[in-house]
Amino acid sequence: MFKIAVDWRKVYQGCIPQRYVLAIMGFLCLVNMFTIRVSLNVAITEMVLEGNASAHGGTEFVDPDACAEPEAANASVRHVTTVPEDDRFEWDEVMQGVLLSSFYWGYTLTQIPGGLLADRFGGKHTLTAGMVISILSTAAAPLAVRLGGWGGMLASRVVCGLGQGVMFPAINVLLAAWVPAEERGKLGALVLSGTNLGTVAGTAVSGTLIHFLASWDAVFYAFAAVASVWTACWCVLCYDSPAAHPYISSSESKYLQDKLSHKHAKGGGPIPWKAILTSLPLWGLVAKTVGHDWGLFTMIADLPKYMKSVMKFRIHENGFLSALPYLAMWLCSLMFGCLADWLIKTDRMSITNTRKLLTTISSLGPAAGIIGASYAGCDRYLVVSLFTLGMASMGAYYSGTRINALDLSPNYAGTIMALVNAIGALSGIVTPYIVGLLIPNSSMQEWRLVFWITVVVLIATNMVFVALGSGEVQHWNEPARQPRQRSPSQQITPHEEEEAPTRLESFRYIPEQ
């Protein structure tokens, strides 16, 4: 008998570069992260009793611009109820708004601690811990709401946010350790576009599950189960850096070592907080992130409610059609990522101008689509088309703004992303609550005001980024290193003194012009 020896390490090395493995797993991470995040957004439309007390002293409010129920002649179709009334709750619009915003209470709190942990100890384990917390709190949500009512769901969502708050900073640290500047547009857009596909899957699958199973519990259980499978694969396949990866090929290791020579080792020095907090390009990035998150969170949290209460879509239609804008956004984000890399590699645009161009597209396109949809009346499919076109252009955000933290400071990518995300996530706290206050009757006029506010925020914050933003590595990226104390037996020799300037010069990173 002949035995054939197979070196599986060489087989694994030859299949796919490990930075692509990390990018694919990072993409799937954000898909799972966002299916869990948006799980409540569609489910809540079937968790609440319809016809709660109005803001008009108990009298029924009549919207003069109200859209007619589809297939109004068929009463059996018009009043389809998938979830039994005894499995629903009496939560008014304000209570629903607080629930939708509660995720971001926890999400904001763990951003900066998560960034500091990821920068110091690596992104892999920080991200894993966050995902496990997110999974457990989501799986426990149905039990929590039945035992504790509105407060139980509130607690579940806050804990879920605490877990997910560390994940974006950890992803940024991993991208900084694995992805060269020349590939950031493409691979960064691939990873970060997982947020869009996660929103697509979360909204479409939620509607389908509720429609066929007549239960909102399945939404939380299904997404927690899928994320658990991803977590097991992640622990086996991915590592903090090329140096830590046991199966990386020597050619890829050398390539990444050459391209990422500016990335210092963990714990290389104190974080330059003063320089970071007084950096104008950073505050331009913060402003745009706030504007983007305001628009995105308004759409993610409240578009399913608009589709149901104003446009009168049924639950199985609602989930799919609410997901369609994010499917277009995902596809366009990949195209814009390739465009960004092409513009930079061919020197047609500087990194700074590329980021500003794509950021502007990601602001003006959604603004036009959202406001156009709000004046399209009851033409249901024109409304969906305008929302879809508008959100498709928001796909430019990932290769325009989201990746910008890596441009400014590869060394402190986790900390910068944490700071930017923490401030941007305040939009997630504010917008659902404000929307709940502005739409007590969920009328078309009330929703139009919500959309106008969103448009103003998108355009104003884009102007700030265009004025202050940059795509260049900032001077504070290099860590301040303290001189090492030497014992008398370790005094510098004349020969070492001559070589010292050369060693220091080779250590310092000089950005490419």
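A helix, in these legends, is a DSSP run of H or I with at least four residues, and helices are numbered from the N terminus.

View 1. The structure shown here is a predicted model, and a search through the whole of it finds five cavities of 30 Å³ or more.

**View 2. The lining of the largest cavity.** The largest cavity is lined by 13 residues, and those that lie nearest its centre are Phe 34, Phe 168, Asp 293, Leu 296 and Arg 402. Two or more lining residues come from each of the elements α2 (18-37), α15 (280-309) and α19 (397-402), and the largest share, four residues, is given by α15. By residue class, the lining of the largest cavity divides into seven nonpolar, three polar and three charged residues. Domain 1 (15-50 + 86-252) and domain 2 (274-473) each provide at least three residues of this lining.

View 3. The residues that line the second largest cavity are Arg 37, Val 38, Asn 41, Leu 100, Phe 103, Tyr 104, Arg 157, Phe 297, Ile 300 and Ala 301. The elements α5 (93-109) and α15 are the ones that give two or more residues to this lining, which divides into seven nonpolar residues, one polar and two charged. Because domain 1 (15-50 + 86-252) and domain 2 (274-473) both give residues to its lining, the second largest cavity lies between them.

How values were computed
Residues are numbered from 1 along each chain as its sequence is written. This is a predicted model: local features need pLDDT of at least 70, side-chain atom pairs count only at pLDDT 80 or more; totals for chains, interfaces and linings use all residues. Side-chain values use heavy atoms; hydrogens and water are left out. On a 1 Å grid over the protein atoms alone, a cavity is a set of points where a 1.4 Å probe fits but cannot get out, and a pocket is an open set with protein on both sides within 12 Å along at least five of seven lines; lining residues have an atom within 4 Å of a point. Grid points are joined across faces, edges and corners, and a volume is the space filled by probe spheres set on the points. Ala, Val, Leu, Ile, Met, Phe, Trp, Tyr, Cys and Pro count as nonpolar, Asp, Glu, Lys and Arg as charged, and the others, Gly among them, as polar. Domain bounds come from an automatic or database domain assignment.
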